[in-house]
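Work through the exercises below with the model open beside you. Try each task before you read its solution.

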Amino acid sequence: MQPPLGNERPPPPGRPVSAFVPGAAVPPPPFAAGGPFARPPQSGATAPAFGAAPPAAMGGFRGPPPSQGGPFGAGPPPQGPFTTSAPPSQGPFASAPPSQGLFASAPPSQGPFATAPPSQSPFTSPPPSQVPFAAGPPPTGPFAATPAPFRPPPSSLAQPQSPTGGALPPPPTYARPTQGYYTGAPPANPQFPMSRPAFQQPVQTMPPPPMGPAATFGNQAAYAGPPVGGTLQSLVEDFQSLALSSAPGSLDPGVDVKGLPRPLDGDEEPVKLMEAYPLNCHPRYFRLTTHVIPASQSLVSRWHLPLGAVVHPLAESPDGEEVPVINFGSAGVIRCRRCRTYINPYATFADSGRKWRCNLCTLLNDVPGEYFCALDASGRRYDIDQRPELSKGTVEFVAPTEYMVRPPMPPSYFFLIDVSVSAVRSGLLQVVAKTIKSCLDELPGFPRTQIGFLTFDSTLHFHNFKSSLSQPQMMVVADLDDVFLPLPDDLLVNLVDSRHVVESFLDSLPNMFHDNVNVESALGPALKAAFMVMSQIGGKLLVFQSTLPSLGIGRLRLRGDDVRAYGTDKEHTLRVPEDPFYKQMAAEFTKNQIAVDIFSFSEKYSDIASLGSLAKYTGGQVYHYPSFQAPTHGDKLKLELNRDLTRETAWESVMRIRCGKGVRFTTYHGHFMLRSTDLLALPAVDSDKAFAMQLSLEETLMTTQTVYFQVALLYTSSSGERRIRVHTAAAPVVTDLSEMYCQADTGAIVSLLGRIAVENSLSDKLDSVRQQLQLKLVRSLKEYRNLYVVQHRIGGRLIFPESLRFLPLYILAICKSLALRGGYADVSLDERCAAGFSMMILPVNRLLNFIYPSLYRVDEVLTMEPNKIDASLKRLPLTFQCLDTGGLYLLDDGFTFLVWLGRMLPPELVNNILGLSLANFPDLSKIQLRESDNELSRNFMKILRTLREKDPSYHQLCRVVRQGEQPREGYLLLSNLVEDQMAGTSSYVDWILQIHRQTQS
Ligand SMILES: [Zn+2]
């Protein structure tokens, strides 16, 4: 029997989920109310109780929400997402008036953020009889006086046409226009309007939720009622529209390219929510895809986008504020006795303070004597200011002994290192040994930290680190079929006691295998051995793999070059593990609190799909360094390994998200193992991991006015304390679809959609996955259009909610991401799978930057004063049109820096930055950028450093490419310019036109 694994589709209803308990006849009841964290030591066969679940949650998986009909629903086949044809001038838009002002149609908001006086709002009086969104040239149009949210500065609006008539020439694959479209444009490029602050929505028009424990449920009726002012008011939506028309006799598709919305400010955390919901946790920890809950199934089915959340439980706290830690002492952790919700700011007190009402299930609970406090006249506890758990959305509780079944484990690191010939020749061993040695002082958990190493090629090499030894002893085990430990102890040792032996090992590791010419790799048996060493304690297993596993159990075969599989029903099988061994191993690892990180270095196919599943089901992470060579990739490996080893880590953890009556989470997306229906097992978790989940309504109609969510992560800290991190948030229930659009969170939607798409690519063709994404977008915009088009005769315009203005581009970017773009020839299979694994864990901001990377023009800021450079760096739209042949540009996707040298760049500048003359160094693939002794180089390296410091989770490998240097320029840069047309893919303009056409059909 294969154990069910966390990220798979749910089995059919009724099939019990016995979460990785092979051999255990009856899963113990882990959720008994008030039950201890009852896991028999080391057996691992039972799940740690993490409070009680509502009885309904015990019945195993349920299917996906019926109304959604599967993740993407069924529907008419959409237009192919990557058809390249832009409509000709006689196309569907030919009849629309030519060259209307861009965005001239956006009505102002009436809310508190509106910039126009109410009398100018088109909706405070009946709409004009003229077609309101197409009449007249912009200066005299009905909305001309109103600053539209997206309108570019007047100067650029007034410009008649771009030099090339506003039309993007359709370049062939990787072809570039001979000269920059915006030659000489300043770095800020005012022709491209920068994105503007999010949240133009009048959030404050919604009555706030209870501001404190004193509030009652009764005062929120306004949430569920119709919007103030009825239908008219509900139309006062801050929506956007794009003019899509064609000038007669031209191929100009009629879209002002420069005016298309672009997310050049990156992620926009919905921080405005904090004003309306000051008791909520910061949205960095918990973000809904729309910050309202639909009141009915019919509303859900009209939403079309995923309904769900992104959770980043250990995110670095906003503003560096420390999360308050609370120890309830003898009172015990205060939780609802029915649903096990932790006490939180939305709990209310009654009976003079002797009872508290659970905000999730409404049960009236007793307040323990030790926790009692009298209430003031408004029903608030007098001690509320001294109680962070009653005033803050994010707190951490110290968990007493009933949350443990064994003493909290020490942080433990075990390294499994492939020492076959490719690892030796690439210089990998030096880098790994040196980096680990340099991190020994910073490993979390001093003085309890445990450490151990196992090396392998065609045999397994155990190393004895007994503290009384002066040198480690190596023991070779050649029997791969029946792996055994040659030594009962001292393979995983206390770092303080055995420090000198460990250091001696790391010093000698590179030389130990210096002459190794063994090409074999017995990874499977090595994993089994590592499991035997670690199973008592748990911890982190770091696997360094340089070649395709070739011996023993879990050996893999070359299957990555099977071009014939693409486009067939077999295509997806290349992206999933072929041998169930890896999933089974992952299940065993998770059960024993072992998280696996994979570092893969092969120059050839190494089956990341199989290896990565070890990380996927254990809360781990996949690092991919294709064709690793120490001189080139050494720094990247060093800094990423350093981050992995020294970041704060939560051990032996489980996470659950409770939500109020009427809604429930149905599917989870990320790296974890699902234990029971809603408990995520995370042997280790840290600030670099985020999770996403989908939500559905349990009933046809919601009867409450507010839904509460509570994320609880129970873990062992590196210092050996059992802790519970709790994030609580509230969201109003709404009956109006337009409210859902108002409160939509593009970052969360893109995060969830990206993860669902990656998962779908494991069971479907890439092309189908992209079509499903497009279909979602079309259906959503169509629904939105139907809300407005009749009343306002918007005609040939594409309209979309202000909150979702970047969604079309981001969905195009997901389709063009490494994980999902093209087919066989576009991305190597390993690279594709590695990118997919990354997309499953990235927090929202990093994911957005990964799929829509930051592009900067750098040469113009290099001569500035160093302290002004940062502010002068402005992101540019991702199109070749932005690149000036006389410029130097930097592309940053969070994993790689790409430095692009324009053909006309002054040679002195190039020489100064590269530290050598290009003429003498034709092969830029080997170049190492180092700081040279000149101002330009210093400033340039400072820019790289600053960008790296902004996001330390990965270290960007810096690559340099010259304009026209093919094929490197193609796959390093051009394939990342997601707004341009590439082989078989649409440009941003074409994409918008396609979407528009489909929303009208
Ligand atoms: Zn409750």
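**Exercise 1. Decide how enclosed helix 19 (residues 844–851) is.**

Step 1. Buried means under 20% relative accessible area, exposed means over 50%, and partly exposed lies in between (1.4 Å probe, protein chains only). Helices (H or I, at least four residues) and strands (E, at least two) are DSSP runs, numbered from the N terminus.

Step 2. List the buried residues of helix 19: Val-844, Arg-846, Leu-847, Leu-848, Asn-849, Phe-850 and Ile-851.

Step 3. Conclude. Seven of the eight residues of helix 19 are buried, so the rest of the structure largely encloses this helix.

Two notes on the source. This is a predicted model, in which local features need pLDDT of at least 70, side-chain atom pairs count only at pLDDT 80 or more, and totals for chains, interfaces and linings use all residues. Residues are numbered from 1 along each chain as its sequence is written, and side-chain values use heavy atoms, with hydrogens and water left out.

**Exercise 2. Describe the zinc site: which residues coordinate the zinc ion?**

Step 1. Find the donors. They are N, O and S atoms within 2.8 Å of the metal (3.2 Å for Na, K and Ca); water is not among the atoms, so sites may look incomplete. Here the SG atoms of Cys-336, Cys-339, Cys-358 and Cys-361 coordinate the zinc ion at 2.2 to 2.3 Å.

Step 2. Check the angles. Four donors count as tetrahedral if all angles lie between 85 and 135 degrees. The four donor atoms subtend 101 to 116°, so the arrangement is tetrahedral.

Step 3. Read the spacing in sequence: C-x2-C-x18-C-x2-C. Cys-336 sits in the loop between strand 5 (325–326) and strand 6 (348–350), and Cys-358 in the loop between strand 7 (355–357) and strand 8 (364–366). The two are 22 residues apart and link distant parts of the chain. Both Cys-336 and Cys-358 are buried.

Step 4. Compare with the record. UniProt, in an unreviewed entry, places "domain: Zinc finger Sec23/Sec24-type" at residues 334–371. Its positions are given in the numbering used here, feature names are shortened, and annotations may be inferred rather than shown by experiment. The span is 0% helix and 24% strand, and its end C-alpha atoms lie 9 Å apart.

**Exercise 3. Classify two aromatic pairs: Phe-601 with Tyr-625, and Phe-665 with Tyr-668.**

Step 1. Set the rule. Rings of Phe, Tyr and Trp (its six-membered ring) pair if their centres lie within 6.5 Å; planes under 30 degrees apart count as stacked, over 60 as edge-to-face and the rest as tilted. The whole structure holds 31 aromatic pairs.

Step 2. Take Phe-601 and Tyr-625: 5.2 Å centre to centre and 10° between the planes, hence stacked. Phe-601 lies in the loop between strand 16 (594–600) and helix 12 (608–616), and Tyr-625 in the loop between strand 17 (621–624) and helix 13 (630–646), so the pair ties together parts 24 residues apart in sequence. Phe-601 and Tyr-625 are both buried.

Step 3. Take Phe-665 and Tyr-668: 6.4 Å centre to centre and 45° between the planes, hence tilted. Phe-665 is buried, with a relative accessible area of 7%. Tyr-668 is buried at 5%.

**Exercise 4. Where does Asp-351 lie, and is this residue buried or partly exposed?**

Step 1. Asp-351 is found in the loop between strand 6 and strand 7.

Step 2. Its relative accessibility is 39%, so Asp-351 counts as partly exposed.

Step 3. Look at the backbone. Phi of Asp-351 is near 50°, a positive value in a residue other than glycine.

Notes:
Tetrahedral: all angles 85-135°; square planar, octahedral: opposite > 155°, others 65-115°.
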